[in-house]
Structure formats: structure tokens, C-alpha cells
Amino acid sequence: MKILITGGAGYKGVVLTKQLLDNGNEVTILDNFLYGYESVLHLVQNKNLTIIREDVRNLRESHLKDYDGIYHLGGISGYPACEANPHSAHLINVEATKTMANNLSNDQFIIYASTTSFYGDTGKVCTEEMAIKPVSLYGITKYHAEQYIMQRKNSVALRFATIFGISPKMRIDLLVNDFTYKAVNDRSIVLFESKSKRTFLHLLDAINAYTFTLDNLDKMRGQIYNVGSNDLNYSKLEIAEHIKKYTNCTIIDSDLSDFDVRNFEISFEKIASLGYKVTRTLDDGVQELIKLYKFYKPFLAYKTI
Ligand SMILES: NC(=O)c1ccc[n+]([C@@H]2O[C@H](COP(=O)([O-])OP(=O)(O)OC[C@H]3O[C@@H](n4cnc5c(N)ncnc54)[C@H](O)[C@@H]3O)[C@@H](O)[C@H]2O)c1
């Protein structure tokens, strides 16, 4: 297939690109390289890969017409990045997504990188059918874009759990990645609202969900799926305790509240009923991250030579 990946240089996008190339597809990355070029360097030599430096806000029919479909991952990802750039977050995550969807023909698919984070503070087990009132700007932009995309029949929205694990374009801000970094480097993790529950997924299981969706498009199009595992719903305290087993860090349970309000458990029955399986555990991810963080020090202010 000929596939376009917006945000293909990002944390998830670059690993997805490699997997789709390995599976024999022709892939085009479209990205504005907000975070630099290094993540794609190992892929440039692949003859089945094209790379376009472009902003999704400039997408027109001419950028889109040659593909069987699009994985739409490009955008401002996460609570802090959206709060720092509210106007751009709206234009990029919502308006550019609408323009893109309007410029596709009905036989081109969209597989949309949606999120479970807009379930907010329900304190309940959330299903895809549940009414949603997103709270954070990130959640609002992702939800509005999802609603628009799902007006097309040939679209699938994958509402991912928070991802953990290692990518050529690392993200240390994601909760498990962040806590493990602090455990290794600061030897302590400070928790806000330690009992609040979230849901998590290893990066490679997220990539498997993307390719699983492509393989099962006929069954999945027109539908929204939570993507994760019923075995990976954890409170922040439980995550910190898993990390402590390997690092012997100190856990400081503070009274402070979290600006990014989330407290939910998610049901992943819908995608599991189609045969999608998660194979990696939280401990798998934490051990890989500890191995990385023993030498990877992006925030080190000085160097000894
Ligand atoms: N990482 C997670 O835990 C998670 C969970 C659920 C959903 N998602 C969604 O998955 C997608 C990818 O997330 P990620 O973790 O890889 O994030 P990321 O920030 O690493 O990747 C996003 C990519 O989009 C690109 N981008 C940003 N603005 C752009 C623009 N205006 N034009 C073109 N490219 C632009 C960036 O350069 C980057 O390469 C996002 O849409 C995010 O909302 C991520």
C-alpha cells in the first residue's frame, strides 16, 4: 500500500514508519520536524520511504491524492505542550485535521491517533460509547478532531492509553517514562494525586495496534476503539511502586493537586474481541527505560571530559 503518516518523525510515528516499511508498504512521512531531524536519519536510505517537510496546516489535495490512506499522528501532543501553545494547538490539532479530512476521497482511509486522556475524571470504567466532556485543552482538541474525522465512513479512531517505552524520538514527559527518569536520576518520585488511575501501553503494542487496524480495516472502519489492556490500568502510586522495585527510589506522596486531571479505568474489550492482544507489561517497559537512562542524560547541564 501507499501510506502517508503525518507526524511520522514523532515518538510513535517514526517507529510506525519503520514497521510499515518492514511490512512492504511505500511510506511517506509528512512532518514539520518541530523536534529536529535525528529521529528519521536511520530510515532515510530506505527506497520505499519519502520524506516531506511540511506543516499539516498547509495540507491540500495535492499532498494527499496519491495515497491509499493516512495515519494521522501529526499535532501538538500532550497537556503541557497544548497549554504552552493554545492557539496553535487548536489550529494544528483541530482545524488542520478538518481540512485534511475534507480533501480526502471516500476510498482513502484515515487511521486517527486519538487518546483516552479526554475521559477526564470519571472515576468509572470507560467504554467507547460513554458521553465525553473533555477538560484539558489537549483533550478538547483531540476530541473535536476525532468527532470530525468520524463523520467519514472510511475512518477509524484509536483512543490510545498513555504510551511508555523507548523511541528514536524520545518523550520523557510521558508518565512512566518521566517517573522512571526521576527514579534513576533524582532517586525520588514526587506524586500528585497518587491514587488517581490511568491506563498505559508499551510503544511496540501501540504500533501493533496501528498495523492490526490496517489488516482489519474492513471490520474496523467507521468505529472508535480504546487501545490498551485491562491489565494495564494503574494508579500513579502503583506505577511508582513498580519502578521502586528496580531502582530503590524514594516515593514522596504529596498533597498537591495535578493540573492534568485524569482518573479513570478503561475497558479494552472492544478491540480485544477482534483479536488484538497486548504482549508487553509495565515491568518490561520500566526495565528498558532504566537501561536507557543509565547513559541517556538529555538534561545534563555540564559535561566532564
Ligand atoms: N504518546 C502518547 O502517549 C499518545 C497517547 C494517545 C494519543 N497520542 C497521539 O498520537 C500522536 C503522536 O503522538 P507522539 O507521542 O508521537 O507525539 P510527538 O509529539 O512525538 O509527535 C508528533 C509529531 O507531529 C509533528 N508535528 C507537530 N505539529 C506539526 C505540524 N503543524 N505539522 C506537521 N507536523 C507536526 C511533530 O514534529 C512530531 O514529529 C499525537 O496525535 C498524539 O495526540 C499519543
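Mentor: What follows covers helix 6 and the two helices it packs against. The model is predicted, so local features need pLDDT of at least 70 and side-chain atom pairs pLDDT 80 or more, whereas totals for chains, interfaces and linings use all residues. Numbering starts from 1 along each chain as its sequence is written, and side-chain values use heavy atoms, without hydrogens and water.

Helices here are DSSP runs of H or I with at least four residues, numbered from the N terminus. Axes are lines fitted to C-alpha atoms over the stretch in contact, with angles from 0 to 180 degrees between N-to-C directions.

Helix 6 (residues 175–185) and helix 9 (residues 236–247) have axes that come within 10 Å and cross at roughly 40°. That makes helix 6 oblique to helix 9; angles under 35 degrees count as roughly parallel, over 145 as roughly antiparallel, 65 to 115 as roughly perpendicular and the rest as oblique. In contact (heavy atoms within 4.5 Å) are Leu175, Val176, Phe179, Thr180, Ala183 and Val184 of helix 6 with Lys236, Ile239, Ala240, Ile243 and Thr247 of helix 9. By class, this contact has eight nonpolar, two polar and one charged residues. Ala, Val, Leu, Ile, Met, Phe, Trp, Tyr, Cys and Pro count as nonpolar, Asp, Glu, Lys and Arg as charged, and the others, Gly among them, as polar.

Helix 11 (residues 282–293) packs on helix 6 at about 50°, the axes being 9 Å apart, and the two are therefore oblique to each other. Here Val176, Asn177, Thr180, Tyr181, Val184 and Asn185 of helix 6 meet Leu282, Val286, Leu289, Ile290 and Tyr293 of helix 11.
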